[in-house]
Each structure stands twice: as C-alpha cells, then as structure tokens.
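I am opening my notebook on this structure. I want to look up folds, contacts and domains, one after another.

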Amino acid sequence: MRTLEQTTQEVLDLAAKHFQLPAGSLTPGDDFFKKLGIDSLQTLEMLSRLENHFGIELPDYEVQGVSDFKTLAERIQSRL
Amino acid sequence: MLDLSKYQSVGGALKDALDQFANEVCLIEADREREKERLTYRDFKERAHPLAKALQNASFAAGNGASIIMTNQSKWLISAYAVFFAGGVLVPLDYKLTPDEHWQLLKHSGASVLITEYPIWRHLSVSASRAVATNVQAVLVTEAPANAVLAGAQRWEEFRRVGEPVFVPRSRQDTACIVYSSGTGGRPKGCMMTHENYLEQCVALTSLYPFWPGVRYLSILPTNHAIDFMVGFFGPFTCGAAVVHLRTLRPEYVREAFPKYKITYVSVVPLVLKNLQKGLQARFNALPAEKRRVFNALVAINKAVTKGRSRLGISRCLLKQVHEAFGGELRAIIVGGAFTEPQTLQFFYDLGIPVANGYGLTEAGTAVTVNDLKPFRADTVGKPLPGMEVRIVNPAGDGIGEVSVRSKTVMAGYLNDPELTAEAIVNGWLMTGDLGRFDSAGHLQLFGRKKNMIVTEEGKNIYPEDIEAVFESLPVKEFCVFAANFIWPSRSMVGEELVLVVHLEPGQLYSQELRRDINARNNRLLNYKRILGVVLLDEDFPRTASLKIKRNVLAERLGKLDSAAAILSL
C-alpha cells in the first residue's frame, strides 16, 4: 500500500511526463491550471492517465473544484 | 412530435410522450466503455411512477419545490419527470458549485426535497451551511454504497411506492422550474420559468432542428443548463428521440461515443468546440504532404458546394473519414452558453459539419436567435426564432444598442425579487444587457455587454459581486471587482476577464506581500471565477448614503485610465 507521500510523488511525476516538463519541476501545492496553463478539459485527459497508472476509477465529480496536486493525490489515495 | 399547443404543462406533455413512444429507446447511459443502461419510454415510466407515488405519499404536492443536483444521467431525467408528474416545481442546480453555494440556493429556492448523488452528498452533508436550508425536509441519494453513511438521507433506489401516482395538472402560467442564472455569492437570480416558456421554446427550436424517433442526442452540457434541459430532455422526449448520457466526460470517451452510438446532435460550450477543432487540426497537420493536398482540395470542393446551404449527404461523401469519426450520422453541433469565435464555427462548417450557433439567456428561455444555415453565417448569431420579437434599444450612430426580447418564452421574473425583475423586464420587454445590432439580412450581431459581468468559454456567467466575498478583510482601504469590459468597453464578446480594483491606505505600497495575499485568496475561487489582474486607484470610491459603492460612477472614472497600463498582472 502506497503512502500519501508516495502517491503525491507519483502524481507529480506523471503530470510532468504528460505535459512534457522536466522531472521535479512540480510541487504538491502547485495550482495545475496556473502552473501548466491548462483548461478543465486537459485536466480530464490527465486524469485518465492517472487512473490507468493507479488502476482506479475516479468519478469526474471527485475532482470537481480541485486545482492543486496535493488534494488530487488525496482523492486518489482514498480510492487505493 | 406531440402537438404541444394542446398541453398546459411540461408534465402533461411528457406523460403522453411516454405512452405514445412506449417502444422507442429514450435513454442510453454509458460509463467509460461500458453501456450501463438502455431504457425505452415504457421502462422510463416504470421507473418514474413509483418515485412519483413515493413523493406523493410523502406529502409532496402541487407547487412544492424539488431540487436536483446530479451529473448527467438517467436518474436526473427520471427524477425530474416524477416531480413534474406530481405537480412540483423543479430546481435544477449546477453540480459544479461548492456545497456552500448549493445550500444557499437551496434555501433561496424554498425546495423541500433534494435529489442528489452519493459523491455529491458526501460533501453536502458535512458542510456547515447545511443548517441554513431548513426548508429541505427530505434528501434522496442515488448510488450510495451498501455501507455508506447517509447522514439523514434516504436511498433513491428504495424510495418507491406501489400503486399508481395521481397526475397533478398545472396551468401554462404556473412555475415549472426555478433556474439560477447567477448569484451564488451575492443576490441570487432565480429565474421563474413557466410551463408555457418551455412549451413555446420547444415548438420554436424543433421547427429548425427537429427530433424524431431514432435521433440520438449526446448530452454533455449539464442538464441543469437551459440548453441541455431543452435539447437533452424536453425536446427529444416530446418527439420520441433518445438521449445518450456519459458518466465521465473525459475527451477520449466523448470521442468514442459519436461512432459507438451514432449520435445525431450534440450540444457543447465554445471551449469544447475549440478543443475539438484543435484536435482535428493537429490530425490534419500530421497528414503526409500528398494526402494533405488531396484533403485540402476536398475541403475546398465542400466549401464551394455548401456555400448557399448545408448539404450533409455530399459533405459526408467528400470528407468521409472526418464524418465517420463523428459516427456518420451527426446532423449538427449545437453550441451555446457563451459566444463562439467565428473562425471556429467556419472551421466546422467547411468540413460539412453544421454548427448551430445562436444567442440566448436563461431569462429568455434558452435561445433567442439561432443560425438557420440558409446560408451559414459565422459572423452572426443568426435570426430570431419563431415567436421571438427582438429589438435594439437606444441604438448609437452605428446602430448598436441594447438587445431586448419579448416572447412567450421570457421568464415570469426573478424569485422573491420584484426590484430586480422590474429592472430586467420593462413594459413586457426583457432587457438583456447585451449590445448588438441587426444587419441587412436580419441577422443579429453582438458587440459586448452593457452589464457588469463576464461569460466564460465554458458558459459560466460570473458576476463580480458574487466573488467579492473572498477578498473580504483584504488589508487595503477599499476594493471592488469589475468585468474589465464594463470599465473599458471593447465591443467584443471574447477574452472577457475580471479585475480587482484596489484603493490602498495612505502611504501603503502595493507590496509583494499584498500581491501574495490577493493571489492566495484568488486561488480559493474556482479557476473560472478568478480575477486576472489588479487595478490601483488612488482616490476614494464614490458611495451612496448607505455606503454602497456606486459601481457605475466608479467604472466611469476608471474608464479614463489606459487599460493596458492600468491592469497589473497577478
């Protein structure tokens, strides 16, 4: 079972890879809309990649209103 | 299609539709690659009547309010029908609001029943704001896991009673729905939409974009939104068509749904349309040079043959692969909720995919004008729908003035707010606050807004007053939020943004610390509600005797500044 810290790190690594950013360039508190310059649709695309990685299904509603990696990782952690 | 002129209420029309089209498919629900459910109109009735009976047994009666806060799915429509059948008033709320906003609107609406989904209820039930909406007596929750903590709610799936419910007739002038067009943080704008509003709008819209049994509408705009409620529920149901719901709106599953379910119509907001355009353009650009030349030639031929009117059959042959990606049955993409850039509309039309763009607002009952594609005009929002009187009030020398509307589709007024209603509806005309003019062909063109608000590409109406609370107690002398377009009218409907106007204390500097504070508060807002810049003003804000900011006067003063220099980025 992953710890929240491990999950958070994996989320950051995957997001960096998905948006072709250098590894380590994202931090848990980053606002991904702002930091990545993406819109809500691109966020949904990122979620599919996270779902495949963690082997979970995350209803769209669960990530409604979430804009930072830390909270996103917490939502994922609660479903592992 | 049912002859809607014979009906008095939304519930009455739907009731007959369920019998008339009993064997037709009305709903398909899919979750990712799995099809979860496929219901005929008969199945729908069998699901809805026990719910209506249970509501009636629980003393839900004519004129009582029931709110739905759900994502797009079958149970949304089944619940709505049960409410209408029992003579209730539906209060559809945007599931994307925060729990605090939900409870405020629930209180304002006076709804006695709340129907929601378990993931939403988990957040709603623990919100401190729950205590304010004491009017909500019963909560029905769908899809709660077996061991779920229901926190006072009942399971939707178990809230059913045996026996035939009694249909409760309503008159055309009774309120069918209370639809909130804005006002979650300030003054709630609950549009009271009558049964007549919906019946008349449905007749007008389906005369241009008809539904029939076999038509499949992909419902991805939230159903609480006026457009999806009409073209993703009432319209198709009164014509025997089917509605397809997806439980996740990830772009890849939306793309798959077109060919899988042979979609006929879909409604989207401009952001989604632009995203589709980007995706298609990237694929076209990736074609090898020779194929690309052939493709461009085919697009040119299609443009030539569809110049006067849409010719779907020819376009589908010429640009087969593009149309097959959309399932091969797509007749039109309906775009609404916000202004769409002409180049995006033209892009799709050139591919032979008609885009039904138009202009509308909740207060006017969905759509006011729609492009009839005869011929297609990307630079306008089309002509008024049948039954709509549209005029331009106080036009300037260039013919641009405020758009006003008179029609049987215009709302009865704002709930519990006669003052706001009197400002919006003057001598029977709805003053839209939008600026426009008609061209010589009778098409409406829009040129910005007269009102202090913005509409995002996702179709969200944002009023500055609604987001000011987050800046409460900001350590400055005073502040105020504005739509930049209200201060510096650009006569444009795109790129709208909000700005925070700040008056610092004497001797105070616009420090890094203050900037960080503003940023931190701004980030507490949902991303589409955030301000994009700060304007510093070194003078007292004009105020009324009761110390309210005179926003119009302040905007006029700010308007004298050069916007490019005045707006400091965050």
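Predicted model: local features only at pLDDT ≥ 70, side-chain atom pairs only at ≥ 80, totals over all residues.

I counted the secondary structure of chain A first: it has four helices and zero strands. Reading from the N terminus, I noted the order α-α-α-α. I then looked up the radius of gyration of chain A, which is 11 Å. The globule rule gives 12 Å for 80 residues, so chain A is as compact as a globular protein of that length.

Next I took the extents. The C-alpha trace of chain A spans about 30 × 25 × 20 Å along its principal axes. I also checked burial: 20% of the 80 residues of chain A count as buried. Then I turned to contacts inside chain A with a separation of 6 or more. Of these, 58% join residues 24 or more positions apart.

Where does chain A touch chain B? I found 16 residues of chain A in contact with 18 residues of chain B. Helix α3 of chain A, residues 40–54, gives the largest share of chain A's side, with six residues. I sorted that side by class and got six nonpolar, five polar and five charged residues.

Last, I looked up chain B. Its domain assignment lists domain 1 (6–261), domain 2 (269–449) and domain 3 (463–569). How far apart are the centres of domain 2 and domain 3 of chain B? Taken over C-alpha atoms, 32 Å separate them. I found six residues of domain 2 of chain B in contact with seven residues of domain 3 of chain B. The domain 2 side of that contact has three nonpolar, one polar and two charged residues.

Methods: Residues numbered from 1 in each chain as written. Chains lettered and ligands numbered in written order. Contact = placed C-beta atoms within 7 Å. Helix = DSSP H or I, 4+ residues; strand = E, 2+ residues; numbered from the N terminus. Nonpolar A, V, L, I, M, F, W, Y, C, P; charged D, E, K, R; others polar. Domains from an automatic or database assignment. Rg over C-alpha atoms; globule rule 2.2 N^0.38 Å. Buried ≥ 20, exposed ≤ 12 C-beta atoms within 10 Å, placed from the backbone.
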